[in-house]
Amino acid sequence: MDNFDLSILKWYRQNKRNLPWRNTNNPYFIWLSEIILQQTRVDQGMDYYLKFINNFPTIQHLANADEQTILSNWQGLGYYSRARNLHATAKEITFNHNGNFPNKYEEILKLKGIGPYTAAAISSFSFNLVHPVVDGNVFRVLTRIFDIDTPIDTSEGIKLIYNIANKLIPTNEPGEYNQAIMEFGAIHCTPSQPNCNNCIFSNQCKAKINGTILHRPIKSKKTVVKKRYFHYLDISNKVDTILHKRTDEDIWKHLFEFPLIEKNQNDDLQLIKNQLEKKFNQQILSIPTAQKHVLSHQHIFTYFWQIKLNNSVLETLNETDSFIVVHKDEIIKYPLPRVITKYLENINKIDN
DNA sequence: AATCCGGGGCC
DNA sequence: GGCCCAGGATT
């Protein structure tokens, strides 16, 4: 493959999208955009990026914010460890690097939440260093052009693609080239319905020639999905309700939710109803129906039990419980997982 | 080296 | 229902 870099750079200059983080070399903005865009589509991350640079114009703003504020801004984006690592790295740079973003690949790679891809992206976009980005797009583009059938979710496949990527990247404008190959994968060499009929590589792409385009890249493993059953207790009187902060090493760490009873299996709902009525000494009017939430590695079946009290919600709590009493109108101020906000949206519809 | 981690969109 | 997404941390 001769002049791959020149071909794809030419294509990029004619076809690239105008994205806000492409109009800057500021490592703070580059870093922030890359963290938001990890495993996240541009369309989905755009509003979050604009919100973050508006609310946290500099890395010092981010460092000085409290974690809950950052998590609230991240609410709905998923992979909340990204937000916690974002905060940690902002503090690290602000207080241990005099506010200066590291400008060497190896130093950038040491920061929390930054792996090989993001370190290469920041290195090349901000500091013009020659490190190839290897993301989902690059895996797809290269396995197609060279018709590579080694599974990309193995160490052998990853090593192979990195070797090719290191040979292809030009020393001249590595950042622009990295943007170009990812953009080519994102909008032209797409997973389904790639635009092969109007492709600059149509005569050279090995997978196109061999008819294997839609079978590249190959992945060998299948994700195992765990089923979980969450019974949430929406305990409230006319003004207050109860929230609980997740602290264990599990999904949604440091996010708030209703008091939770997790079951290992799909238990008899009538039995749970009887237990709850006895515990709270209240009639439960309706048995909830399951809401299924499909995540990558978990299918979560949520049940929301509405327990209406006439007296104070405090009386349902033990002193040892780590719960907080929250005014109903202020629930939304706490960082919540989508499972909870979806439920709140639904009951508000009914109330209206 | 293998496993886990959210949520949304598309087909 | 399966796959993918501008991957990284943990075990």
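# Spaces and salt bridges: a short tour

Hi everyone. Searching the whole structure turns up one cavity of 30 Å³ or more. Before we look inside, some housekeeping: this is a predicted model, where local features need pLDDT of at least 70, side-chain atom pairs count only at pLDDT 80 or more, and totals for chains, interfaces and linings use all residues. Residues are numbered from 1 along each chain as its sequence is written, chains are lettered from A and ligands numbered from 1 in the order in which they are written, and side-chain values use heavy atoms, with hydrogens and water left out.

How are such spaces found? Rolling a probe the size of a water molecule over the atoms shows where empty space is left. On a 1 Å grid over the protein atoms alone, a cavity is a set of points where a 1.4 Å probe fits but cannot get out, while a pocket is an open set with protein on both sides within 12 Å along at least five of seven lines. Lining residues have an atom within 4 Å of a point. Points are joined across faces, edges and corners, and the volume is the space filled by probe spheres set on them.

So, the largest cavity: about 120 Å³. Its lining has 15 residues, and nearest the centre are Cys189, Cys196, Cys199, Cys205 and Ile213. Helix H9 (residues 136-145) gives the most to this lining, with three residues. Helices here are DSSP runs of H or I with at least four residues, strands are runs of E with at least two, and both are numbered from the N terminus.

Now the second largest pocket, with about 690 Å³ of space. Of its 27 lining residues, Asp234, Gln306, Tyr343, Leu344 and Ile347 are closest to the centre. Strands S1 (226-236), S5 (291-294) and S6 (298-308) and helix H14 (338-351) each give two or more residues, and H14 gives the most, with ten. By class, this lining has eleven nonpolar, ten polar and six charged residues. Here Ala, Val, Leu, Ile, Met, Phe, Trp, Tyr, Cys and Pro count as nonpolar, Asp, Glu, Lys and Arg as charged, and the others, Gly among them, as polar.

Let's stay with Asp234, which sits in strand S1. Buried means under 20% relative accessible area, exposed over 50%, and partly exposed in between (1.4 Å probe, protein chains only). A salt bridge needs a side-chain nitrogen of Lys or Arg within 4 Å of a carboxyl oxygen of Asp or Glu.

How many salt bridges are there by this rule? The count comes to 14. One of them joins the side chains of Glu183 and Arg17 (2.8 Å, N to O). This pair links distant parts of the chain, 166 residues apart: Glu183 is in helix H11 (residues 174-187), and Arg17 is in the loop between helix H1 (4-15) and helix H2 (27-36). Glu183 is buried at 1% relative accessible area, whereas Arg17, at 28%, is partly exposed.

Finally, Glu257 and Arg246 meet in a salt bridge too (3.1 Å, N to O).
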